[in-house]
Structure formats: C-alpha cells, structure tokens
Amino acid sequence: MADGIERYVLSPAATWSRDGDELRVFSDEVLLVRRCPESMFEWLEAVSDEPAGLPAPNGSRVDAIVRTLLRLRLIVAPFDRSWHSSAWRNQVEYFAALGLDAGAAQDRLRAAHVTVLGVGGIGGAVLAEIAGAGVGGLTLVDGDRVALENLNRQYLYRRCDVGRAKVDVAREWVLERLPEAEPTAVMETITTSEALVPYLREGGFLVVAADRPVSLPELCAQACLERGASMIVGGCGLRAGSSGPLIRPADVPAFIAARQEARATAGAAVTPMAASFGPVNTLVGATMGRDLIFGILGVSTQTTAHRVELLGTALHD
C-alpha cells in the first residue's frame with residue numbers, strides 16, 4: 001500500500017458466520033475458530049464492506065487467526081474492482097481469490113495472442129474457454145468446412161453454417177461475444193512447420209487441436225521453437241484423452257525427442273478414428289483451456305496425469 005500498511009479484504013470465494021464466540025469461515029473447506037476474540041468479529045464485519053481493505057487488528061490471538069486466514073487465502077489483498085462493470089467481474093474475483101494480482105491478470109489475458117490450429121470439437125472448446133476468459137489476440141487456422149456430422153460435438157456451428165469455412169464462422173462467433181477481440185481467420189491445412197510459422201507470435205501460444213498429419217505435433221513444435229512460442233496439445237481416444245502439458249520454448253527439443261522415440265517404439269501410426277462423442281471433446285478442450293489460461297498468467301497447475309480416463313471400461317446393458 002502507498003502508506004506502507006498492509007490491508008486485506010475478505011476473499012470473494014469466502015463467507016463467514018458467527019455462533020456465540022465461534023467463527024466459521026467457509027470456502028472449499030470450513031475453518032472453525034473457537035473462542036474467537038470480539039475484535040476479530042468486528043474486523044470481519046467491517047472488512048466485508050470495505051473494497052479498499054482494512055489493516056488487520058492487533059493482538060497475539062488475533063495475529064494467529066489472521067495468519068491462518070492469509071495462508072488459506074480466506075482474506076486477500078484488495079483487488080482492482082474496475083472490472084465489476086465488465087463481463088469478467090466474476091473471473092477477476094476468482095483470480096483475486098487465488099491470490100493473484102487480479103486486474104493485472106485480466107490485462108495479461110487481454111494482451112495475449114493464441115493461435116488455434118483446428119477449430120473442431122477440441123479446438124472449438126478451447127476457443128470458447130479462452131475467448132470467454134477475454135484473450136484478445138486470436139488466429140484461427142483450419143482448412144475444413146462445416147459438415148453435418150460435425151454438429152454432434154462442434155458447438156460453435158449451426159445447421160445453417162454447413163458448407164461454410166469453419167474459421168469464418170468461428171471468427172464471427174468470437175466477435176459476437178468479444179467485440180474488442182482481433183481474431184484472424186486462416187483457411188489453410190497445415191502440413192509443414194514453415195507454413196505455420198507466419199501465424200505464430202513471439203511469446204505467444206499455440207493450441208494444437210488438429211489430428212492430421214500424424215507428424216503435426218512435431219512440426220508444430222519446430223514452428224514454436226523458431227518463433228519462441230509455447231504450445232499445448234490435446235486429443236481423444238475411445239476411453240482416454242490427453243491434455244497438455246503446456247510446453248514452453250525451452251522444453252520443445254525434449255518434446256520432439258520424446259515424440260520421435262514414442263513413434264519408433266509404437267511403429268507406424270494409425271489414422272485417427274472417425275468415431276466421436278461430444279462430451280469427451282469438450283472435457284479435453286476445457287482442460288486445455290484451463291491450463292492455457294493459467295499458463296498465460298504464469299500460474300502452475302498440478303496434474304496427477306496427462307492421460308485422463310474419460311469413460312469407464314465397464315459396459316452395461
């Protein structure tokens with residue numbers, strides 16, 4: 001703070017209640033404080049209504065409670081509320097609850113550039129997430145046209161769009177929801193790294209959501225290495241799907257080597273299956289969107305596995 005005094009507000013993800021001298025603070029879990037000092041109740045009452053925040057009360061017992069509230073992110077630093085009149089009000093509050101500089105995080109999303117390669121079932125789901133989050137710079141690359149059989153899972157498109165270039169419809173979809181965005185539509189099927197390079201930005205991000213040619217992830221990695229961009233890859237099988245991780249430029253050589261080793265072990269790759277199920281595509285795309293947004297913000301995410309079980313193996317009559 002300008003005066004050197006730390007101030008705090010109640011986290012947008014938290015609420016609290018009082019029962020006698022017991023304090024309960026609710027978020028993902030419940031914090032119970034017995035024999036809570038009266039000054040703590042008074043402070044929480046005041047800070048709940050003060051957007052600029054208030055200094056924490058003093059006292060050894062209160063200090064311990066405040067430290068716990070901070071550790072659990074039940075109280076956070078005051079955040080930029082100028083976004084409250086925008087579509088991102090709730091998202092900014094979410095970022096604040098995570099302990100981020102929420103206004104700066106939203107500005108960073110607005111300034112980011114993402115190239116989405118393939119705006120089908122997975123790529124369309126990623127696009128919906130990042131446009132919804134307010135990513136302002138978008139380049140959409142796809143050589144296909146909308147087909148009737150796309151409509152079970154590619155929710156950007158309608159029956160009246162059948163026959164139109166996917167990137168043109170996707171661009172219109174973005175502008176309807178995010179008029180301040182600058183989406184570029186490129187109707188092209190990418191088969192070489194050289195063809196992809198012009199559509200990447202230095203320091204930008206690439207979503208790899210197309211499945212042809214088989215070597216696409218490697219050639220995308222080569223293009224990202226040349227342009228200094230980060231990339232995330234996703235795909236769906238019958239019962240399992242993969243999402244990420246986000247690969248930074250420094251990690252691209254290791255990714256290429258791992259892909260080449262896997263192909264040498266597995267032999268010739270098969271043609272991607274034609275079967276598809278909408279919720280599976282959406283799950284993978286939404287997970288990629290989450291990891292990409294956090295990657296833009298520099299937030300690390302912990303995942304237990306990059307291969308996700310999407311459907312159980314047991315089949316029932």
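**Exercise 1. How far apart are the mean positions of the positive and negative charges of the protein chain?**

Step 1: Step 2: place each charge at NZ of Lys, CZ of Arg, CG of Asp or CD of Glu. Step 3: the chain has 30 positive and 38 negative charges, and their mean positions are 3 Å apart.

This is a predicted model, where local features need pLDDT of at least 70, side-chain atom pairs need 80 or more, and totals for chains use all residues. Residues are numbered from 1 along each chain, and side-chain values use heavy atoms, without hydrogens and water.

**Exercise 2. Describe the aromatic pair of Trp83 and Trp88.**

Step 1: Step 2: the structure holds three aromatic pairs (Phe, Tyr or six-membered Trp ring centres within 6.5 Å). Step 3: Trp83 and Trp88 lie 6.4 Å centre to centre, with 85° between the planes. The pair is edge-to-face (planes over 60 degrees apart).

**Exercise 3. Which ring lies under the charged end of Arg18?**

Step 1: apply the test for a charge over a ring: NZ of Lys or CZ of Arg within 6 Å of the ring centre and within 35 degrees of the ring normal. Step 2: the charged end of Arg18 sits over the ring of Phe41, 3.9 Å from its centre.

**Exercise 4. What share of the protein chain is buried?**

Solution: of its 317 residues, 43% count as buried.

Technical notes
Phe/Tyr/Trp six-rings, centres within 6.5 Å; stacked < 30°, edge-to-face > 60°. Buried < 20%, exposed > 50% of the residue type's maximum accessible area, 1.4 Å probe, protein only. Lys, Arg positive; Asp, Glu negative; His and termini not counted.
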